[in-house]
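Here are my notes on the model, point by point. Please read them with the structure open.

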Amino acid sequence: MSTTFAVEPQELQPGVALATPVPEARPVIQLDHIHKTYTMGDVEVHALRGVSLTINEGEFVAIMGASGSGKSTTMNILGCLDRPTRGTYILDGEDVSEMSKDERADIRCQKIGFVFQGFNLLSRTSALENVELPMLYLGVDAATRHERAIEALAAVGLAGREQNHPNQLSGGQQQRVAVARSLVNHPALILADEPTGNLDSRTSVEVMEIFQRLNRERGITLVLVTHEKDIAEYADRVIVFKDGKIKSDHRVEHPRNAAEELKNLPVIDDDDEEE
Amino acid sequence: MNLLMIIRVAFRALVRNKMRAALTMLGIIIGVSAVIAMVSIGQGASASVQAQIESIGTNLLFVSAGAQNVGGVRSGTQDTGNQNLTVDDLDAIKREVPSVSMVTPSVNARSQLVAGNMNWNTNVTGVSEQYPDIRKWPVANGSFFTDADVRTAARVIVIGQTLADNLYPGTDPIGQDLRVMNLPFRVVGVLAAKGQDQQGRDQDDVAFAPFTTVQKKLLGRDRVQIAYVSAITQDATYTAQSQITELLRQRHKLSANEPSDFTVRNMTDVAEAANETSKTMTILLACIAGVSLLVGGIGIMNIMLVSVTERTREIGIRMAIGARSSAVRSQFLIESIVLSLTGGAIGIVLGVVLSLAIPRFLGWPTLVSTMAIVGSVLFSAAVGIFFGYYPARKAASLDPIEALRYE
């Protein structure tokens, strides 16, 4: 079962129009027989036992699994935070499986955007500066940084909140700052690790709406790690891990539509409704 | 990512935690200002000693009768009580030693001085007419006595400012009578005021008369206790010293293995000894202050280490979004350098202010030294690099996955 999954050409989802049709599916992620072994004391832990996987440009994939299934390890390898013990990983056409720490840092900077469960924003730092940070490490000049950060914040519906510090923002708003931060370097891939884990259900839907919109309108490739089945249902494809292997990999016939659901949800608090 | 960016990142990180930054800098501020203030005190003392010696004249030599005491053993021929230095010896020095420009004997007679109904007790010193030039001590009012006065043992006297003030209050002493041991003298000049010397003695409580007069009229003997000799230049003092020694040994008919019955001392030696002393004091003070600078540096390391632990998550975020280890290391290193340099700058200002305040409040002379300022800047930068390197390396070596998970 650990073979490469060929992915069918993108289908138009009912009710959601693709802004730019993808003429031919180009792989963004190619994992080939990935193994990862940790040594804890004198016990070897096989976190991944031969994972092969292809994710194409413009896909919205959810990775599911219980804790210990290897989904976090896969996430770390996909995010170039860790290297596989064996196997090759080709990200956006580049083999990153043998790269050094510095090379991986550069790859993360250029090709990957991260969204974490705990938001992971710099405290005592404005939303704008948080979003500017990845561009700082890429060496983007100040004027462009500013412009792109403002644009990214507007894209996640936080126009006017640029100068707020994380402690002045709600959880949902903080997560949207994190999404904006993951966007600014125009990455090939956005990795979201339990992005709704710390959010209530309405805010979770809001964040999923942003993800769906970015995926559908901008064609951004998204990989979402979650253990909540209902969150995974917003994705087009669900991959389930178990015991360090892929247990199932299937397309979701009718993904949930966050935008539609939001319309039916009662507005509770909220000073941040989107246009 | 270029250096300017990293500096900006470091500055932002520091500004985010102003209190911690200020407390960290405190150690360096105290250290640097202490070094500057201490060195200023040392240099001030040194300069005032130097000025004192300069006012005596650095090309000055002393020739005194009797041998030096060496190791507490009295040697030589002065055991008999003979004073072997004569006016003829001094004339010979003046005549025959080419590196000598001026000579004056100095003979003291403790005397009671009476002017009208005022009286005063002081040393009347017999000198030659060259004394003001040798000691670089100008006459403020009137003139010094002349060559002719010395030859004729004239009863003329030049007094110091203290005597002028006490014996002739409110009047011009020039041309007035002054009785020294009941002999009438005429005041011809008043020397410029010198003030107190380093030991607090009044240098203006003096009177000078031709040495011939003092020897014949006041002392009744023609031996010389001490003579001041002026070399042509400061560099010539050593030559003069050896030439005088040679000449006097010859004149006193001393054989090669006999010790000298006179002593020639060199003002440059005295100056150097004094300089050496104040230099040692300056170094000692600077070392003590340097210890506080070191302690300040360790304080920086302490805070930076705590800061690395506290900001583990921040480091994880930075690394996850693409900061290289080197960028993280540079950030922490620059933070520590910025802390120590800013602390150093504030310390310099404080140190200079202290140095300027000390003479005013404690009365010690100070001299702000550029060397100390430059030295402290370099030292604080070095402290920043040295004590910042280890915490910075620790930050850079963190694993982003672990760091992100850190609570």
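1. In which order do the six strands of the open sheet in chain A run? The order is 6-7-8-3-9-10, and the pairing is mixed. Strands pair here if DSSP finds at least two bridges between them. Strands (E, at least two residues) and helices (H or I, at least four) are DSSP runs, numbered from the N terminus.

2. A word on the basis. This is a predicted model: local features need pLDDT of at least 70, side-chain atom pairs count only at pLDDT 80 or more, and totals for chains, interfaces and linings use all residues. Residues are numbered from 1 along each chain as its sequence is written, while chains are lettered from A and ligands numbered from 1 in the order in which they are written.

3. The sheet edges are strand 6 (112-115) and strand 10 (245-251) of chain A. Each has a single partner strand, so one side of each lacks a neighbour in the sheet. On average, neighbouring strands of this sheet are turned by 20° against each other, direction ignored.

4. Strand 3 (residues 60-65) and strand 9 (residues 237-242) of chain A pair in the parallel sense over five bridges. Met64(A) has Val240(A) in strand 9 of chain A as its bridge partner. Helix 1 (residues 71-78) of chain A packs on the sheet and touches strand 3, strand 7 (189-193), strand 8 (221-225) and strand 9 of chain A. The direction of helix 1 of chain A makes about 140° with that of strand 3 of chain A. Angles run from 0 to 180 degrees between N-to-C directions, and axes are lines fitted to C-alpha atoms, for helices over the stretch in contact.

5. Chain B has 13 helices and ten strands. Of its 407 residues, 42% are buried (20 or more other C-beta atoms within 10 Å of the residue's own, with C-beta atoms placed from the backbone).

6. In chain B, the axes of helix 1 (residues 3-16) and helix 11 (residues 325-361) come within 8 Å and cross at roughly 60°. Among the residues that meet are Ile6(B) and Phe11(B) in helix 1 of chain B, and Ile334(B) and Val338(B) in helix 11 of chain B. By class, this contact has eleven nonpolar, two polar and one charged residues. Nonpolar covers Ala, Val, Leu, Ile, Met, Phe, Trp, Tyr, Cys and Pro; Asp, Glu, Lys and Arg are charged; the others, Gly among them, are polar.

7. The chains meet through 21 residues from chain A and 18 residues from chain B. Residues are in contact if their C-beta atoms, placed from the backbone, lie within 7 Å. Helix 2 (101-111) of chain A gives the largest share of the chain A side, six residues.

Definitions and conventions
Two residues are in contact if their C-beta atoms, placed from the backbone, lie within 7 Å. A residue is buried if 20 or more other C-beta atoms lie within 10 Å of its own, exposed if 12 or fewer, and partly exposed in between; C-beta atoms are placed from the backbone.
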